Amino acid sequence: MKKILAVETKLHLRDSWSMLFIIALPLLLLIVIGNIPDLGKPNADLGGERFVDTQLPATMLLLALTTVALTVLPAVLATYRHQGVLRRMSTTPVSPASMLSVQLIINLGMAVIAAVVLILGARLVHGSPIPSHWAFVPVFVLGTAALMSIGLLIAALAPNAKSAPLIGNVIMFPMLFLAGMWIPRETMPPVLRTISDYSVGGPIVQAMRDTWAGDAPSLGSIAVIVVGLAAFSALAVRLFRWQ
């Protein structure tokens with residue numbers, strides 16, 4: 001498994017476009033959007049905090065996580081299944097499950113790198129606070145796992161390699177919208193806010209914002225993330241095809 005991990009890591013590093021979208025694009029948006037003058041002022045709709053304090057960094061981090069989980073991960077797995085890589089591995093001592101585990105480890109590693117870059121970037125450029133509640137790390141891991149379970153489900157359902165990232169994008173942009181990417185959750189109409197509360201992305205962003213500000217995440221947010229993780233993981237395991 002160590003050899004597979006080393007080889008797959010090299011292949012991922014060679015794919016500069018993936019790294020660009022996962023890390024550079026959210027960081028660039030964080031810098032550009034955060035430099036809009038009004039976003040650096042206290043906002044009554046956000047409880048008196050600045051837009052650049054937790055709202056912008058959390059949504060940019062969600063952008064990085066959804067890019068990893070909903071486009072990169074399913075595209076790689078769907079490609080390997082379409083090319084027969086997983087089927088051929090089933091005849092060797094290395095099981096297809098090992099490849100799946102390696103992909104999850106690599107994509108989690110990219111998510112961690114993106115998180116560190118965005119947190120430090122927000123701090124250095126906008127003076128945003130560093131996540132100060134210990135629950136930020138569990139929330140980050142739990143949220144990333146929930147998103148990756150959706151990615152695995154996409155890989156299971158995608159009819160071919162080309163369709164996997166397309167399906168991921170179709171899911172990703174509504175999820176980002178409901179999470180407050182363009183409209184902060186606090187300013188959403190009641191019906192839309194309720195939908196956001198029961199989506200996966202909305203609770204992830206809310207829990208990250210809470211812990212970013214030094215507060216404990218709400219049990220409601222954690223419950224929705226856990227239910228989403230359990231449901232999508234179960235569906236992915238049931239429907240995933242190795243060949």
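In the predicted model, Val112 is partly exposed, its relative accessible area being 38%. This residue is found in helix 5, and it belongs to a nonpolar patch on the surface that is formed together with Leu108, Val116, Leu120, Leu124, Val125 and Ile130. The accessible area of the patch, taken over these residues together, is about 590 Å².

With regard to the overall fold, the protein chain has ten helices and zero strands, so that, in the order of the elements from the N terminus on, the pattern reads α-α-α-α-α-α-α-α-α-α. Of the 243 residues of the protein chain, 50% count as buried.

The largest pocket holds about 170 Å³ of space. Two or more residues of its lining are given by each of helix 5 (96-126), helix 6 (136-157) and helix 10 (219-239); helix 5 is also the element in which Val112 is found. The lining consists of Leu100, Leu104, Ala145, Met148, Ser149, Leu152, Leu229, Ser233, Ala236, Val237, Phe240 and Trp242.

Note on methods. Residues numbered from 1 in each chain as written. Predicted model: local features only at pLDDT ≥ 70, side-chain atom pairs only at ≥ 80, totals over all residues. Heavy atoms only, no water. 1 Å grid on protein atoms, 1.4 Å probe; cavity = no way out; pocket = protein on both sides within 12 Å on 5 of 7 lines; lining within 4 Å. Points joined across faces, edges and corners; volume = space filled by probe spheres on them. Helix = DSSP H or I, 4+ residues; strand = E, 2+ residues; numbered from the N terminus. Patch = residues over 30% accessible without salt bridge, like charges linked within 9 Å, V, L, I, M, F, W, Y side chains within 5 Å. Areas by Shrake-Rupley, 256 points an atom, 1.4 Å probe, with all protein chains shown as cover. Salt bridge = Lys/Arg side-chain N within 4 Å of Asp/Glu carboxyl O. Buried < 20%, exposed > 50% of the residue type's maximum accessible area, 1.4 Å probe, protein only.
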